[in-house]
Amino acid sequence: MRKTRVLIASLVLLCGTALAVVAPDRWTTSDHADTTLAALAQAESPPHVPPVPLLWKVSDRNNAVYLLGSIHLLKEDDYPLSADVDAAFDDAARVVFEVSPEELGSPEASVRFRQAAKLPEGRTLSDLISPRLREKLHRLLARQGGSLDQVNRYSPWFVNLSLMLGLSHSLGFSPELGVDQHLMQRALEADKPTAGLETIDDQLRALADSPMAEQIIGLEDFLDRPQEMPGELADLHQAWRAGDVPGLEAIALSEMMVRTPRTYQMVNVDRNQAWLPLLREMLDGSGRDNVLVVVGAMHLLGDDGLVALLEHAGYTVDRICSACGPGDQAFPGRPVPESAAEPVSLPIGR
């Protein structure tokens with residue numbers, strides 16, 4: 001399996017606001033990667049199989065909170081989603097996202113995003129990166145009809161995000177097709193109340209305040225091996241589609257924890273800890289309404305994830321999976337349902 005780059009993992013599985021607010025730019029990728037993109041796009045035409053959902057039900061005596069692990073970039077043929085997701089959506093009285101749909105759709109969201117992405121006055125990207133990286137970025141942008149001047153006032157995480165969005169767009173991925181965006185629209189159509197676990201500013205602060213040296217690591221990964229990025233994004237997408245918890249932890253969490261530990265702490269651990277009391281309030285309150293909570297998949301995985309944190313707090317935690325059957329390698333060592341045609345709750349086995 002290819003080694004997934006840290007910024008691809010963090011933005012695709014962690015920070016949905018970043019992908020929802022900024023549109024794909026013309027800063028895409030190298031000529032070598034373009035050839036790979038075209039080959040992959042032509043090869044992808046399998047019959048539709050719904051993705052195996054990363055879906056858990058957390059219960060106390062009164063009600064339940066469904067936790068759904070989103071991926072913030074998807075393709076049209078990833079839909080429709082699993083019937084398990086439909087059932088959780090129908091059972092929930094309200095749907096909670098990382099950031100509320102109202103705030104995400106406000107006219108100020110894009111402005112605030114661009115402001116957070118800019119470097120402090122007097123600093124430029126050219127001053128922060130090495131001459132070698134600067135030359136690689138210059139050549140890449142020039143091939144796309146752009147220039148270094150267009151990005152020189154922006155932080156490395158934003159430039160990397162723009163490059164990655166251009167790449168994903170060429171592969172047929174879109175932020176507008178992300179699970180969170182899809183369910184926001186469904187909630188609007190069903191007239192279900194919605195809310196957010198944090199504000200746009202909270203999420204942007206986690207990105208913008210990450211150490212500059214760790215931001216540059218992500219940009220360096222992209223510029224040094226742009227031809228590998230399509231395959232790495234495809235690996236991440238396939239692991240999510242398979243509901244492969246161990247696989248996602250291996251290709252996303254592990255590298256990020258080692259190579260960019262402070263960024264991992266800020267965009268994953270700190271935000272999970274901030275959300276935990278809100279989730280517990282949904283469960284501990286006197287109300288009996290069930291709630292569907294949709295967050296980036298990495299927020300649910302590993303010992304720092306919300307699934308483990310809530311289990312350790314004493315709640316009943318079950319994985320909801322109708323598609324898991326005998327020999328399913330996505331869930332090694334876990335109980336197998338008697339009939340894969342019937343919904344089943346699988347213990348997470350922590």
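1. P80 lies in the loop between β2 (64–70) and α4 (83–91); helices (H or I, at least four residues) and strands (E, at least two) are DSSP runs, numbered from the N terminus. A cis peptide bond joins Y79 to P80, with omega at about 5 degrees.

2. A word on the basis: this is a predicted model, in which local features need pLDDT of at least 70, side-chain atom pairs count only at pLDDT 80 or more, and totals for chains, interfaces and linings use all residues. Residues are numbered from 1 along each chain as its sequence is written, and side-chain values use heavy atoms, leaving out hydrogens and water.

3. Do look at D191, in the loop between α10 (179–190) and β4 (194–198). This non-glycine residue has a positive phi, near 60 degrees. D191 is exposed, at 68% relative accessible area (exposed is over 50%, buried under 20%, partly exposed in between; 1.4 Å probe, protein chains only).

4. The whole structure holds 4 aromatic pairs (Phe, Tyr or Trp rings, the six-membered one for Trp, with centres within 6.5 Å; planes under 30 degrees apart are stacked, over 60 edge-to-face, the rest tilted). F113 and F158 make a tilted pair, 5.8 Å centre to centre with 55 degrees between the planes. This pair links helix α6 (residues 108–117) to helix α9 (residues 156–170), its members being 45 residues apart.

5. F113 is buried at 1%, and F158 at 0% relative accessible area. W157 and F158 pair edge-to-face, because their planes are at 90 degrees, with centres 6.1 Å apart.
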